[in-house]
Amino acid sequence: MLTKILSMASVGLKSERVEVEVNVAEKGFPGFSIVGLSGKSVDETRERVKTAIINSDIEFPTAKITVNLAPADLTKDGSAYDLPVAMGIITAIGEINLPKDKAYFYGELSLDGSLHHTKGVFLLALLAKEEGIKNIFVPRMSANEASVIEGVNVYPVDNLKSLIRHLRGEKMIDALKPIDIAEILNDITPEFDFSEILGQNQAKRALEIAAAGGHNIFMMGPPGSGKTMLARAMAGILPNLTEKESLEVTKIYSLTGNIPPGGSLIRQRPFRAPHHTTSQIGLIGGGSSPHPGEISLAHRGVLFCDEFPEFNRNALEALRQPLEDGHVCISRAAGSITFPAQFMLVAAANPCPCGHLGDPKKECKCSAHQILNYQKKLSGPIMDRIDLHLTVPAVDVNNLMIDKEKASGEKSMEIKKRVNEARKIQSERFKKLSHIHSNSDMRNSHLKEFAKLSDEANLLLKQAVNKFALSARSYFRLIKVSRTIADLDKSEIIKEFHVAEALQYRTRELS
Ligand SMILES: Nc1ncnc2c1ncn2[C@@H]1O[C@H](COP(=O)(O)OP(=O)(O)OP(=O)(O)O)[C@@H](O)[C@H]1O
Ligand SMILES: [Mg+2]
Ligand SMILES: [Zn+2]
């Protein structure tokens with residue numbers, strides 16, 4: 001007998017319906033073959049399905065079993081087809097009847113018949129909604145991902161046995177109650193609170209501006225000056241994710257299996273801190289069946305590159321295109337795949353290999369050649385894409401401890417409130433432009449409409465351009481940063497002192 005079960009495959013972030021056809025023929029040589037599934041997934045699926053069925057007290061048929069995953073031209077791999085293949089076999093031998101309404105089946109089986117947390121369930125729910133298919137059967141551990149999608153009944157399945165009982169009408173599985181997005185918590189507890197960092201007021205302010213406008217920021221300073229601490233504290237002042245952003249981020253996290261078992265929608269802005277030894281593929285994405293890299297996992301959030309010059313040179317070069325475009329194209333034999341990568345780059349570095357170049361207290365021990373080589377990595381096109389350049393001086397922490405109260409400054413929560421308010425102004429400003437979320441996303445052509453300068457501000461800007469011979473790119477970045485500073489000040493018009501502050505964060509060109 002022939003049965004058809006619906007399931008899903010994803011190409012990049014796009015999901016498509018897959019029909020799992022199962023034929024069990026009494027005649028012919030007994031066997032179990034799967035076509036349409038790539039590589040080693042075939043053998044693995046076959047083994048898991050067979051053993052799981054036997055361990056669920058169903059007699060595995062001694063017959064010729066042929067499974068076909070259609071369409072054939074779609075690459076399908078992974079373990080999520082275990083459940084639909086098993087359901088197809090059990091249905092074909094007459095042990096159960098499929099539900100009257102069309103349904104999707106998706107999930108990895110373990111040998112004892114229970115279902116494992118499986119990546120991609122969120123994308124399955126989106127596909128079901130798009131196709132008007134009401135019911136989906138997925139592993140219980142992954143079901144919360146799906147239950148934020150309205151209008152889809154999500155059946156959490158513990159194991160094959162319970163699903164069989166459900167389909168026989170013996171003991172029903174209750175569909176999950178839909179989860180209200182607004183009820184999922186937004187806040188994270190970062191490693192450090194801003195108030196734990198003494199002094200460093202300029203750096204704190206610059207990070208606030210970066211968070212408010214989504215600007216890339218670069219911090220340079222000697223060892224121990226607190227760069228890593230500052231960057232990590234930044235996770236606590238990032239603006240809340242909007243619902244739309246949440247859905248975008250969750251898609252990427254579900255696809256890559258980065259949602260923990262039982263987890264649901266991602267509500268916190270991503271903060272990724274890949275180690276400098278991360279490969280180019282790990283950072284940018286790629287591979288034979290292309291997967292997103294760190295820059296896509298940082299989508300709508302922060303990519304923190306500590307010890308920036310230590311990163312592989314090719315990897316740094318490959319950051320250029322996504323920094324400009326907000327997405328990354330990965331080409332492969334069968335066309336190219338695009339992953340979103342609209343992230344804020346936060347980079348930190350020492351001024352030279354030993355770290356003490358320009359330090360009044362300690363001598364730099366590097367040779368001129370070493371310094372040149374090191375700084376070469378930091379120059380050029382990547383640095384041109386960074387809006388805020390900051391020098392983080394070493395502070396005497398013992399000295400600051402004397403008046404700790406004064407030196408600690410505001411708590412992260414206070415700063416975050418201002419950041420959120422500035423983002424609200426930006427959402428209102430860009431509400432008709434769906435691809436622009438923050439000031440840093442603006443194209444130069446938008447500046448005329450959205451970044452109006454007072455006469456004095458305009459004059460200061462012109463003077464700065466002439467005096468420091470700013471490139472066109474720097475000029476536009478300066479205006480965008482000024483726009484954010486004015487937003488934090490709740491001023492629609494950009495004033496002279498907003499531009500003056502923005503100029504402080506172009507130290508690279510001004511030195
Ligand atoms: N302003 C500060 N307030 C409180 N503690 C500080 C401050 N600056 C540095 N520290 C302390 O010094 C430690 C080292 O700081 P951190 O690792 O952030 O420095 P860094 O600039 O990243 O150094 P490196 O260049 O070596 O990576 C911190 O963990 C913290 O304990
Ligand atoms: Mg550090
Ligand atoms: Zn040095």
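Of the 511 residues of the chain, 44% count as buried, a residue being buried if 20 or more other C-beta atoms lie within 10 Å of its own, exposed if 12 or fewer, and partly exposed in between, with C-beta atoms placed from the backbone. This is a predicted model, in which local features need pLDDT of at least 70 and side-chain atom pairs count only at pLDDT 80 or more, while totals for chains, interfaces and linings use all residues. Residues are numbered from 1 along each chain as its sequence is written, and chains are lettered from A and ligands numbered from 1 in the order in which they are written.

## Overall build

The chain has 22 helices and 18 strands; helices (H or I, at least four residues) and strands (E, at least two) are DSSP runs, numbered from the N terminus. Its C-alpha trace spans about 85 × 50 × 50 Å along the principal axes. Among contacts between residues at least 6 apart in sequence, 73% join residues at least 24 apart, where two residues are in contact if their C-beta atoms, placed from the backbone, lie within 7 Å.

The largest nonpolar core has 135 residues, of which A86, L124, A125, I136, A146 and M234 touch the most other members. Helix 3 (residues 121-131) gives the most to this core, with eight residues. Such a core is a set of buried Ala, Val, Leu, Ile, Met, Phe, Trp, Tyr and Cys residues joined through C-beta atoms within 7 Å. Leaving aside residues up to four places away in sequence, I136 touches A103, Y104, Y106, L124, A125, A128, A146, V152, V154 and Y155.

Within helix 3, the buried residues are V121, F122, L123, L124, A125, L126, L127 and A128. Because eight of its eleven residues are buried, helix 3 is largely enclosed by the rest of the structure. The helix is followed by G132, which has a positive phi near 70°.

## Two helix pairs

Two packed helices are described by the angle between their axes and the distance between the axes. Here axes are lines fitted to C-alpha atoms, for helices over the stretch in contact, and angles run from 0 to 180 degrees between N-to-C directions.

| Helix pair | Angle | Axis distance |
|---|---|---|
| Helix 1 (residues 41-54) and helix 2 | about 50° | 10 Å |
| Helix 17 (residues 412-429) and helix 20 (residues 472-488) | about 115° | 9 Å |

The angle of about 115° makes helix 17 roughly perpendicular to helix 20, since angles under 35 degrees count as roughly parallel, over 145 as roughly antiparallel, 65 to 115 as roughly perpendicular and the rest as oblique. Helix 17 passes helix 20 in a right-handed crossing; a crossing is left-handed if the near helix is turned anticlockwise from the far one by less than a right angle, and right-handed if clockwise. In this contact, R418, A422, I425 and Q426 of helix 17 meet T484, D487 and L488 of helix 20. The contact residues of this pair divide into three nonpolar, two polar and two charged, with Ala, Val, Leu, Ile, Met, Phe, Trp, Tyr, Cys and Pro counted as nonpolar, Asp, Glu, Lys and Arg as charged, and the others, Gly among them, as polar.

Helix 1 and helix 2 are oblique to each other, and helix 1 passes helix 2 in a right-handed crossing. From helix 1, T45, R48, V49, A52 and I53 meet D82, V85, A86, I89 and I90 in helix 2. By class, this contact has seven nonpolar, one polar and two charged residues.

## Backbone details and individual sites

A cis peptide bond, with omega about 0°, joins A70 and P71, and P71 lies in the loop between strand 4 (64-70) and helix 2 (82-92).

Q200 is a residue other than glycine with a positive phi, near 55°; Q200 is found in the loop between helix 5 (160-167) and helix 6, and is buried, with 23 other C-beta atoms within 10 Å. N201 lies in helix 6 (residues 201-213) and counts as exposed, with 12 C-beta neighbours inside 10 Å. The C-alpha atoms of N201 and V392 are separated by 9.9 Å, although these residues are 191 residues apart along the chain.

K490, which is not a glycine, also has a positive phi of about 55°. K490 sits in the loop between helix 20 and helix 21 (496-504) and is exposed, with 10 other C-beta atoms within 10 Å.

A333 is found in the loop between strand 15 (327-332) and strand 16 (335-340), where A333 counts as exposed with 5 C-beta neighbours inside 10 Å. The C-alpha atoms of A333 and N444, 111 residues apart along the chain, are separated by 35 Å.
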